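Welcome! Please take a moment to look over the protein below, and then we will explore some of its residues together.

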Amino acid sequence: MKLFKMVLPHTGSLSEDDIFLDIETNGLFPNRHKIIVCGLIKKEQKETVLLQYCIDNDNERELIENISDELSTKKNIYTFHGNIFEFPFLKYKQKKLLLPNQIPYDKAHDLSPAISSFRHILNLPDYRRSTIENHFQIRRVEQIDVHEWTSKNEISEEFQWTEDAPVLRHNRSELLSLLKLKSAFENWKKSMAFYFPAFGCNMYLSNYNFSKNTASIMFLIEKTENKIPLISFCDGLDISFKDDILILKFDTISGTTNKNNTVISPVISPSRYFKKNHMVNIDNLLSVSKEILLHLLNFSNLAYKIKI
């Protein structure tokens with residue numbers, strides 16, 4: 001097995017618990033093809049390093065063993081499409097080679113579905129990686145056709161790995177892009193999030209829909225042990241959960257009232273916030289959302305106190 005190591009410029013946000021993973025194969029099917037390169041970015045003795053493990057003499061066992069050791073102690077494993085590519089490949093190889101499962105797959109974070117869940121807010125036309133990278137202004141130094149290279153090069157005893165091999169350059173590009181994407185996405189989420197102590201979690205705007213008289217606003221809820229209160233006794237406001245999504249559907253014509261017909265929130269009308277050609281402005285949408293949720297929290301706290 002061949003190992004290449006590169007020290008990267010300081011990345012202060014990278015924790016010793018984090019590791020970034022990208023593999024290169026000579027095909028798409030784990031039962032027919034092999035992992036030829038496995039690239040990692042991690043913290044090592046206060047340095048950020050990029051490691052590339054390369055298969056030697058067509059022997060996957062040593063490669064898989066080393067990768068398993070690297071991943072086994074990490075609390076966060078970041079990939080892009082890892083749920084449908086890296087991890088199925090690694091699981092199959094571990095089983096086929098009768099290797100113990102040391103990889104904490106439950107610690108995996110696939111950025112592809114994580115970012116795609118905000119597609120409507122980000123106004124992404126599709127889920128492709130290039131589309132997402134362009135949105136976050138991540139530019140690659142070069143684009144490499146790695147599939148052409150792997151189809152023409154057989155990793156035999158005579159094969160000699162070099163740092164400038166196209167498949168290694170491509171792997172480094174994928175890893176560096178992944179590192180930047182994770183940072184950009186987390187910064188964007190922070191700008192879109194708001195924290196409510198009563199809920200004990202962050203909430204992120206994930207989707208919205210306006211009609212003439214009603215509006216539906218959806219929030220992605222971070223995992224929390226606290227029970228989020230639901231109000232079922234308010235006219236004009238429906239609240240529901242679907243998986244980790246909180247959905248608010250409210251009347252945009254009349255104010256939300258309790259069962260004694262006392263208005264507990266102001267009239268919320270799209271025209272009040274979105275005037276120019278009815279175009280939705282994300283900043284204004286967040287203002288509306290926060291206002292609704294603050295009223296929701298105030299009323300739910302009161303409801304719990306008086307045990308309605």
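With which side chain does the side chain of Arg-129 make a polar contact? The partner is the side chain of Ser-177, at 3.4 Å. (A polar contact is a pair of N or O atoms within 3.5 Å; within protein, one must be able to donate a hydrogen and the other to accept it, and residues adjacent in sequence count only if both atoms are side-chain atoms.)

## About the model

This is a predicted model, in which local features need pLDDT of at least 70 and side-chain atom pairs count only at pLDDT 80 or more, while totals for chains, interfaces and linings use all residues. Residues are numbered from 1 along each chain as its sequence is written, and side-chain values use heavy atoms, leaving out hydrogens and water.

## Around Arg-129

Arg-129 belongs to helix H5, residues 129–135. (Helices, H or I with at least four residues, and strands, E with at least two, are DSSP runs numbered from the N terminus.) Its relative accessible area is 14%, so Arg-129 is buried. (Buried means under 20% relative accessible area, exposed over 50%, and partly exposed in between, using a 1.4 Å probe and protein chains only.)

Not counting residues up to four places away in sequence, Arg-129 touches Phe-80, Arg-140, Glu-174, Ser-177 and Leu-178. (Contact means heavy atoms within 4.5 Å.)

## Two nonpolar cores

A nonpolar core is a set of buried Ala, Val, Leu, Ile, Met, Phe, Trp, Tyr and Cys residues joined through side-chain atoms within 4.5 Å. The largest one here has 33 residues, and Leu-71 and Trp-161 are among those with the most contacts inside it. Elements giving two or more residues to this core include strand E2 (18–25), helix H1 (60–72) and helix H7 (166–192). Strand E3 gives the most, with five residues.

Leaving aside neighbours within four places in sequence, Leu-71 is in contact with Ile-19, Leu-21, Leu-40, Ile-77, Leu-90, Ile-103 and Pro-104. There is also a second, separate core of 24 residues, which includes Tyr-78, Ile-132, Ile-138 and Trp-188.

## A look at Ile-36

Ile-36 lies in strand E3, residues 35–44. Ile-36 counts as buried because its relative accessibility is 3%. Its C-alpha atom is separated by 9.1 Å from that of Thr-150, 114 residues apart along the chain.

## The cysteines

How many disulfides are counted? The count is zero, where a disulfide is a pair of cysteine sulfur atoms within 2.5 Å. For Cys-38, the nearest cysteine sulfur is that of Cys-54, 9.8 Å away. Cys-38 is buried, with a relative accessible area of 1%, and Cys-54 is buried too, at 0%.
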